[in-house]
Amino acid sequence: MKSLSLQNTRWAHRLGTAVALVVVTIAAILIGIPFFWMVTTAFKDWKEVMIFPPVWIPAKLQWENFVIAWQQEPFGRYYINSTITMVTGTVAEVLIAAFSAYALSRIENRFREIAFMVILAAMMIPGQMTLIPNYVTAYRLGWIDTYQGLVIPSISSVFGTFLLRQAFRSMSPEIFDAAKIDGAGHLYCLFGIAMPLAAPVVATLTLYLATAKWNHYLWPLIVTNTRNMRTLPVGLAWMAREDAYGDVGEQHKMAAVLLVLIPMFILYFLAQERLVEGISAGALKG
Amino acid sequence: MKVIPRSSESRGQATLRKRGLSRRHLREALTFWAFVGPNLFLFGVFTFWPLIASGSWSFTKWDLISPTKDFVGLENYQRMIADPIFWRVVRNTLWVAASAIVIKVPLALVLAVLLNRRLPGSKLYRAIIFSPTFTNSVAIAMVWSWIFDPFYGLLRAPLDLVGLTSPDWLLDMRWSLVAVIIVLTWQGLGYSMVIFLAGLQSIPAVLYEAAKVDGASEWALFRHITLPMISPTTFFVMVTSVIGALKVFAIPDVLTDGGPLYSSSTYLLYLYENAFNWFRVGYGSALAVVLFFFILLVTFIQNRFSQRWVHYG
């Protein structure tokens, strides 16, 4: 009797697993199809695009779609702009976060808690609220259509400061004291001890910030007016928008989308675990 | 306390030591401010000052260019109440928030619970379902606007199969917001799911084992252990989804440009339009102030009520 019920629950468990697999597979397919559709369209001939029922696999891979897409907009320039914005922005924000996290956890000061509260308070002010005044500031500083205008307004750091402060606080003070006895200063303690020890956190933070900055759309849209200063997302949106007469084929648009997404696809493929971890850390702690 | 007789020599030593100490203190203080200073300064200029500026500009009429701002009192706020487009975008934004709570969050919870069963290949599934979170919103909107094409789009295929004609998703006032919501759900599902997965992993396995010994069914386990134990996460995901709805921009901007006739426009899109297309800085600032207070209210509700509604394990 007992073994029978045990067998029953085992069967129930197997059935449950099977149902779960089916449901999850359907979900994965529904999420995956748009990506597949984008990739396959990017390789199609126009006759395979303008047809119903849809053609799933193109008869011949149309590589020239990518050449045509690349020429539609100055994508090379957009790539350079996006790369400069992402690299300088990420490095600057990680450094700013590291310096403030170190000061807030390893340097004694009367105002330490207050300074930390001020930084946390900044989190309460949504970035959307700052758009108009920051545009005015950028305009007054002559930062419209410049890299400093793209980068500097968003390099102050709550999330990174919080994350690194946690990491630095959990380190034992003896390591730092020993270094100080040997005559090391704060700069060495930060970059020679604290940062290397917090390497996994620093890596997660760096990846998180890099993807966020690479994908940023609204601020670059506001702070750039000339074509030469647009970043990839803004340029891509212009490509979609300027096509009011439909001269750009869907196959060319999808080719452009693919060209823009490839670096992030590669990054996601290589560092998926860490990126997911960064996002959930950001959600639960930030 | 013992009084030490002060010889001239020891006094000299004391001041010397004190001076050395204070010099070190000064250096420590300077280092502290040099280290946090940049962050605080940037927050001051690009976060705190904008709060004050938005607040004060919301009482003015200004076009970004002219040197003077005219004080108009509460006119911008009065105009907002009388502005039918304002109410339209508020309604659309609330629809986006409601769809997240009713469709996206439950779906994400179900997927997370299923993936948490240690299915074969669960990491791959998680990676696929999470991937839209990392994909550029502009790119997503472009792919979906092609999927929504009423003649050659992919979405026509399943509709054809059940004998329905595809609506002109992006150009039909009745469907444009639905299209935006479909894309936002597709994009945001994985993020909510990953948060749920993190929450599920923090539920102690002992609870399930004990209940299983008592012969509880899978449904009973879900209903009486998972659901109550995960409630803080559920609450968190719902609150962030509501706040997220207020910040939706890129998807409707690229997909429909908020149209036709504001049928799929959102709060932030309207704010952007006012400030940067029509240079109505005063009105745009008033919209920003209302947005700020709404987010503050939602956060306050979260803090105030989460203890009462939610079981913290």
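Mentor: Start with a term. A nonpolar core is a set of buried Ala, Val, Leu, Ile, Met, Phe, Trp, Tyr and Cys residues joined through C-beta atoms within 7 Å. Keep in mind that this is a predicted model.

The largest nonpolar core has 149 residues. Within this core, A:Leu236, A:Val257, B:Ala141, B:Met142, B:Val143 and B:Ile251 touch the most other members. Helix 7 of chain B, residues 176-201, supplies the largest share of the core, with 13 residues.

Now pick out A:Val257. Set aside its neighbours within four places in sequence. A:Val257 is then in contact with A:Met38 and A:Leu236, and also with B:Ala139, B:Met142 and B:Val143.

In chain B, 68 residues are in contact with 73 residues of chain A. On the side of chain B that touches chain A, helix 1 (residues 8-57) of chain B gives the most, with 19 residues. That side of chain B divides into 52 nonpolar residues, 11 polar and five charged.

Finish with a helix pair in chain A. Helix 9 (residues 173-181) and helix 10 (residues 186-197) of chain A pack at an angle of about 130 degrees, and their axes are 11 Å apart. Helix 9 of chain A is therefore oblique to helix 10 of chain A. Their crossing is right-handed. Helix 9 of chain A makes the contact through A:Ile175, A:Phe176 and A:Ala179, while helix 10 of chain A uses A:Tyr188, A:Cys189 and A:Ile193. The residues of this contact divide into six nonpolar, no polar and no charged.

Conventions:
Residues numbered from 1 in each chain as written. Chains lettered and ligands numbered in written order. Predicted model: local features only at pLDDT ≥ 70, side-chain atom pairs only at ≥ 80, totals over all residues. Buried ≥ 20, exposed ≤ 12 C-beta atoms within 10 Å, placed from the backbone. Helix = DSSP H or I, 4+ residues; strand = E, 2+ residues; numbered from the N terminus. Contact = placed C-beta atoms within 7 Å. Nonpolar A, V, L, I, M, F, W, Y, C, P; charged D, E, K, R; others polar. Axes fitted to C-alpha atoms, helices over the stretch in contact; angles between N-to-C directions. Parallel < 35°, antiparallel > 145°, perpendicular 65-115°, else oblique. Left-handed = near helix turned anticlockwise from the far one by under 90°.
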